[in-house]
Amino acid sequence: MNRWYRTACIMAVSAMMLAQTGIAHYQPSETGSEPYEPAVPVAPTVNTYGYYPGYRGASTAAGSALNGMANAISAMGNYNLSTSAAAVNMTQARRNDIANHQIYTDAYFQMRAANRAYRAAEAPPRPTAEQLARLARDGAPKPLSPGELDSISGRINWPTALQQEAFAAERAELEKLSATQATHGTLTAAEQVAARKMIESMFTDLKSQISEIPPQEYVASRNFLRSLIYATTQSQL
């Protein structure tokens, strides 16, 4: 019995070694530049013992036992090899995902840099200080004529639409401030703030009457207030 068991073990180990001869192993190049490919199991090559022509099974109980033992050992080896190959493949997939993300990130910032460079090349030259000053002058409201604002007495000749009783309080205060400016040449910061608030209030009330005032009178009154606020506070509506 012991002799038979020893013989079975020796033959089973031989069968397992024979089964593994069908597995191809990857040999890296000297430069190490080729990608790693995990070994994968192939169908084991297991011989039957006591084989008779026309019969594919073992001829004896011992042969059947040896054949089954060899197949079981080969299956365990293939399972371990498959598990190892799966782990290698998962690691390679993660590495590829990281590389793809890096490529995407690099491409994104390269596109942003190219876009900035293109916009900078197509942008017009920055205006000079002289050009900015001229634009500011050109954008300023039209100055009030002497007939609209007397620079010596500060008297204001209001347009028809602004002569309504609804604007009486603002007109009185603005006429006082205009007389002060004519006398002293300028207004204090507090007086300029007060003048601006009253002119903005008149402009708001004027807009609320846009459907009731003739278009020409509305435009004339609007432009008048814009010129007046610029003349008193050097600001615009």
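Reader: Let's start with contacts along the chain. Among contacts between residues at least 6 apart in sequence, what share joins residues at least 24 apart?
Author: That share is 62% in this protein. Keep in mind as we go that this is a predicted model.

Reader: Good to know! And how many helices and strands are there?
Author: The protein has six helices and zero strands. Reading from the N terminus, the order of elements is α-α-α-α-α-α.

Reader: How much of the protein counts as buried?
Author: The figure is 22% of its 237 residues.

Reader: Can we look at a pair of helices? At what angle do H5 and H6 cross?
Author: Helix H5 covers residues 189-208 and helix H6 covers residues 215-233; their axes cross at roughly 170° and come within 10 Å of each other. Angles over 145 degrees count as roughly antiparallel, so H5 is described as roughly antiparallel to H6.

Reader: Why do you give me both an angle and a distance?
Author: Because two packed helices are described by the angle between their axes together with the distance between the axes.

Reader: Which residues make the contact between them?
Author: On the H5 side they include Ala 195, Ile 199, Met 202, Phe 203 and Leu 206. On the H6 side, Tyr 218, Leu 225, Leu 228 and Ile 229 are among them. Charged residues take part as well, including Arg 196 and Glu 200 of H5 and Arg 222 of H6.

Reader: Now the loop between H5 and H6. Is Gln 209 buried or exposed?
Author: Gln 209 sits in that loop, and its relative accessibility is 13%. Buried means under 20%, so Gln 209 counts as buried.

Reader: What does Gln 209 touch?
Author: Setting aside residues up to four places away in sequence, Gln 209 touches Gln 164 and Phe 167.

Reader: And Pro 214, where is that one?
Author: Pro 214 is in the loop between H5 and H6 too. Pro 214 is partly exposed, at 41% relative accessible area.

Reader: Switching topic: what is the volume of the largest pocket?
Author: About 160 Å³. Its lining includes Pro 141, Lys 142, Pro 143, Leu 144, Glu 148 and Phe 224. By class, the lining residues divide into four nonpolar, three polar and three charged.

Reader: Which residues does Asn 157 contact?
Author: Leaving out neighbours within four places in sequence, Asn 157 is in contact with Gly 147, Glu 148 and Phe 224. Glu 148 and Phe 224 are also in the pocket lining. Asn 157 itself is in the loop between H3 and H4 and is partly exposed, with a relative accessible area of 38%. Asn 157 and Gly 147 are ten residues apart in sequence, with 6.9 Å between their C-alpha atoms.

Reader: What about Ser 153, where does that belong?
Author: Ser 153 is in the loop between helix H3 (129-139) and helix H4 (168-184). Ser 153 is partly exposed, at 39% relative accessible area. Beyond neighbours within four places in sequence, Ser 153 is in contact with Ala 179 and Ala 182.

Reader: Last one! What is phi of Gln 234 near?
Author: Phi of Gln 234 is near 55°, which is positive in a residue other than glycine. Most residues other than glycine have a negative phi. Gln 234 is in the segment after H6, and is exposed, with a relative accessible area of 55%.

Definitions and conventions
Residues are numbered from 1 along each chain as its sequence is written. This is a predicted model: local features need pLDDT of at least 70, side-chain atom pairs count only at pLDDT 80 or more; totals for chains, interfaces and linings use all residues. Side-chain values use heavy atoms; hydrogens and water are left out. Axes are lines fitted to C-alpha atoms, for helices over the stretch in contact, and angles run from 0 to 180 degrees between N-to-C directions. Helices (H or I, at least four residues) and strands (E, at least two) are DSSP runs, numbered from the N terminus. Angles under 35 degrees count as roughly parallel, over 145 as roughly antiparallel, 65 to 115 as roughly perpendicular and the rest as oblique. Contact means heavy atoms within 4.5 Å. On a 1 Å grid over the protein atoms alone, a cavity is a set of points where a 1.4 Å probe fits but cannot get out, and a pocket is an open set with protein on both sides within 12 Å along at least five of seven lines; lining residues have an atom within 4 Å of a point. Grid points are joined across faces, edges and corners, and a volume is the space filled by probe spheres set on the points. Buried means under 20% relative accessible area, exposed over 50%, partly exposed in between (1.4 Å probe, protein chains only).
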